[in-house]
Amino acid sequence: MDLELRDSVVFITGASGGIGRAMAEAFAGEGAKLALHGRGKHGELERWLAEQPWRDRALSLRADVAKPSEIAATMEKARAHFGRVDVCIANAGVWTPESKPLHEADEARIRATIDTNLLGSLWTARAFMAALAKSGPRDDGRGASLTFIGSTAGRFGEKGQTEYSTSKAGL
């Protein structure tokens, strides 16, 4: 399928596994250039990327999306490397494997989840908008795109994961 994405620059947070990695493969298959972000599994992302036939069209980046200055600097690296960023997928997220009722979840757990999943997506969008302002519109008139990756937990909830469900509902 040709989605006319050849040479578009796509920035994907949380590209080190799962949904992010699948999106990277799909966009690469369309001929896009990729700025792939990871944090905790960044080493795995780099090893995986080194094995890809399209690795020369990709850049591996590390940042904590919950820290505005880090994600802004990472987006700027992508913009500087490729000249622009056309598509941004705010996909990075955390999930605490241990289920706990909200009244038993400590503040650090709740804040870490909200800071990464909800605010991290907002900081990513903010960095993307700044990159768009610097590069200006494309010469070919094609626009830009921003996508937030949520979860069914944001609509239906998730037992023992109130903070996760709340963060995804916020998206």
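Biologist: At what angle do helix α4 (residues 107–135) and helix α6 (residues 162–170) pack?

Modeller: This is a predicted model, in which local features need pLDDT of at least 70, side-chain atom pairs count only at pLDDT 80 or more, and totals for chains, interfaces and linings use all residues. Residues are numbered from 1 along each chain as its sequence is written, and side-chain values use heavy atoms, without hydrogens and water. Helices are DSSP runs of H or I with at least four residues, and strands are E runs of at least two, numbered from the N terminus. The axes of α4 and α6 (lines fitted to C-alpha atoms over the stretch in contact, with angles from 0 to 180 degrees between N-to-C directions) lie 9 Å apart, and the packing angle is about 25 degrees.

Biologist: Are α4 and α6 roughly parallel or roughly antiparallel to each other?

Modeller: Angles under 35 degrees count as roughly parallel, over 145 as roughly antiparallel, 65 to 115 as roughly perpendicular and the rest as oblique. The angle here is about 25 degrees. The two helices are therefore roughly parallel.

Biologist: Which residues of α6 does α4 meet?

Modeller: Contact means heavy atoms within 4.5 Å. From α4, the residues involved are R109, I110, T113, I114, N117 and L118. By class (Ala, Val, Leu, Ile, Met, Phe, Trp, Tyr, Cys and Pro nonpolar; Asp, Glu, Lys and Arg charged; the others, Gly among them, polar), this contact has four nonpolar, five polar and three charged residues. The partners in α6 are E163, Y164, T166, S167, K168 and G170.

Biologist: How many charged residues has the contact of α3 with α4?

Modeller: The axes of α3 (residues 68–82) and α4 come within 9 Å and cross at roughly 35 degrees. P68, I71, A72, M75, E76 and R79 of α3 meet W123, T124, R126, A127, F128, A131 and K134 of α4. Divided by class, this contact has eight nonpolar residues, one polar and, as charged residues, four.

Biologist: Why do the buried residues of α2 line one face of the helix?

Modeller: The buried residues of α2 (residues 42–50) are H42, L45, W48 and L49. Viewed down the axis, with directions taken from the helix axis to the C-beta atoms, they line one face because they fall within an arc of 120 degrees.

Biologist: Which residues is S8 in contact with, leaving aside neighbours within four places in sequence?

Modeller: S8 is placed in the segment before β1 (9–12). Its relative accessibility is 1%, so S8 counts as buried. Its contacts are A32, K33, D86, R138 and R142.

Key:
Buried means under 20% relative accessible area, exposed over 50%, partly exposed in between (1.4 Å probe, protein chains only).
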